[in-house]
Structures are given as C-alpha cells and as structure tokens.
Amino acid sequence: MHALIVIDVQNDFCPGGALAVPGGDEIVQDINALMSEFDAVVLTQDWHPAGHSSFASTHDGRAPMDLIEMPYGPQVLWPDHCIQASPGAQFHMALEADRADLILRKGFRTEIDSYSAFFENDHRTPTGLEGYLRTRGIDRLTMVGLALDFCVNFSAVDAAKLGFAVEVREHLCRAIDFDSSLQAAKTGMQQAGVALV
Ligand code: VGL
Ligand code: ZN
C-alpha cells in the first residue's frame, strides 16, 4: 500500500504568508492531481500555540533565522507562523484537503518544535503517524510539499529510517533555502536512502 504525504501546504508557507516559501503556491494543483493515484492521502499541518518556543518573538533579543540551543538540540528561530486556528495555519485554499484520509497536526507543544511528521525535534517523541500508516498496511510513501529543506526533509529521513520506502517528488516541493539548508537536506535525504525524483 502506497500513501501520498502532503507536508504543510498552508497559507503561512505560501507567498504572502508569515514564513513564505518562494513558489510555495505553485505546487498545489499538481498535488491535487496526484491524490487519486494513491491508496491513502495524509496531510500534515504545522500547528503552533501562540508563544511557541520556535518563534524568535518568544526569545528576548533574538531575530528570525537565529540558531539557538534548546534542551533537545539546535533550533532555528522562525517568524511567528501557523498559529493554531489562524488564517495562516489553514491549508492553501486550492488544496483539496477534503480528500485527505488523515490530517496530522504537529508542533502543538509550546516547548518543542516538530519538523518531522514522525518525531518531534528531540527525534524521540512520536507523533503517531508511524502507527497509523503501519496499521493500514502502508509501506511506501511519496512525499511532496513545504518546505523541502525542513519539514519534507526531516519527514522523509525519519520515514526511511523507520523502514518505509520513501520517494520525494522534488518538483512538487519548494525550499526555504537559507544558509545552504537545501544542499544539506538533499545530501541527508540521499544518505538515508530517500529517492529524490
Ligand atoms: C516548517 C519551519 C518551521 C516547514 C515548519 O513546514 O518546513 N519550517 N515550521
Ligand atoms: Zn513551524
């Protein structure tokens, strides 16, 4: 069984949003068109409480894109984004979200971020997605969405480590690409056995 995992296609990651990924809206129609080819469609939704620890505004004297040390390791600080129930946290309005079997929310704990759809940024706390996929008999994953160098990357690497066969459709992703994050992400995905197609 083969699932399509659509990562964080939300208003705040699209042009005009709080953490806009260049061209983030360009992939939406082609993602919709892909949905019917899969046994299951899962959407992820970045879903932060106000005052989340990944927001630069939460830390005195810090600016977006600063790197800080958290108890669970290094953390990039972001502009406030994807605040629970805000317009920016909603899916892009053209995304056919009603076709999802599951919507997996992540990043909802104040004290820890979650780039990956499988584990929070301590790389230990599960989101539950692995169990959902396995109990449905899903062993192959195709991933698309935003951002290629953060949430798609961490989700794909974790999935490959968990033993899923993982493919990332690069043309159906867009990247933030700061501080060579895109190149590092591609290398990391390839080393983990993710197929970049
Ligand atoms: C993401 C940064 C912060 C992503 C989410 O979806 O790639 N990036 N939160
Ligand atoms: Zn986030």
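Me: How many disulfides does a search of the whole structure find?

Reply: A disulfide is a pair of cysteine sulfur atoms within 2.5 Å. Here the search of the whole structure finds zero. Keep in mind that this is a predicted model: local features need pLDDT of at least 70, side-chain atom pairs count only at pLDDT 80 or more, and totals for chains, interfaces and linings use all residues. Residues are numbered from 1 along each chain as its sequence is written, and side-chain values use heavy atoms, with hydrogens and water left out.

Me: Is C14 buried or exposed?

Reply: Buried means under 20% relative accessible area, exposed means over 50%, and partly exposed is in between (1.4 Å probe, protein chains only). C14 has 3% relative accessibility, so it counts as buried. C82 is buried too, with a relative accessible area of 0%.

Me: How do I read aromatic pairs, and how many does the search find?

Reply: A pair of aromatic rings is described by the distance of the centres and the angle of the planes. Rings of Phe, Tyr and Trp (its six-membered ring) pair if their centres lie within 6.5 Å; planes under 30 degrees apart count as stacked, over 60 as edge-to-face and the rest as tilted. The whole structure has seven aromatic pairs. Take W78 and Y115: the centres are 6.4 Å apart and the planes stand at 80 degrees, so this pair is edge-to-face.

Me: Where do W78 and Y115 sit in the chain?

Reply: Helices (H or I, at least four residues) and strands (E, at least two) are DSSP runs, numbered from the N terminus. W78 is in the loop between β4 (73-76) and β5 (102-106). Y115 is in the loop between β5 and α2 (129-135). They are 37 residues apart, and their pair links distant parts of the chain. W78 is buried at 3% relative accessible area, and Y115 is buried at 8%.

Me: Which ring pair links Y115 to helix α3?

Reply: Y115 pairs with F150, with centres 5.6 Å apart and planes at 65 degrees, so the pair is edge-to-face. F150 lies in helix α3 (residues 148-161), 35 residues from Y115. Both Y115 and F150 are buried. Ring pairs join W78, Y115, F150, F154 and F178 into a cluster.

Me: What does the space in the largest pocket come to?

Reply: Rolling a probe the size of a water molecule over the atoms shows where empty space is left. On a 1 Å grid over the protein atoms alone, a cavity is a set of points where a 1.4 Å probe fits but cannot get out, and a pocket is an open set with protein on both sides within 12 Å along at least five of seven lines; lining residues have an atom within 4 Å of a point. Grid points are joined across faces, edges and corners, and a volume is the space filled by probe spheres set on the points. The largest pocket holds about 410 Å³. Its lining has 20 residues, and those closest to the centre are L67, V76, Y115, F150 and F154.

Me: What about the largest cavity?

Reply: The largest cavity holds about 110 Å³. Of its 16 lining residues, F13, D46, H81, Y115 and C151 are the closest to its centre.

Terms used:
Chains are lettered from A and ligands numbered from 1 in the order in which they are written.
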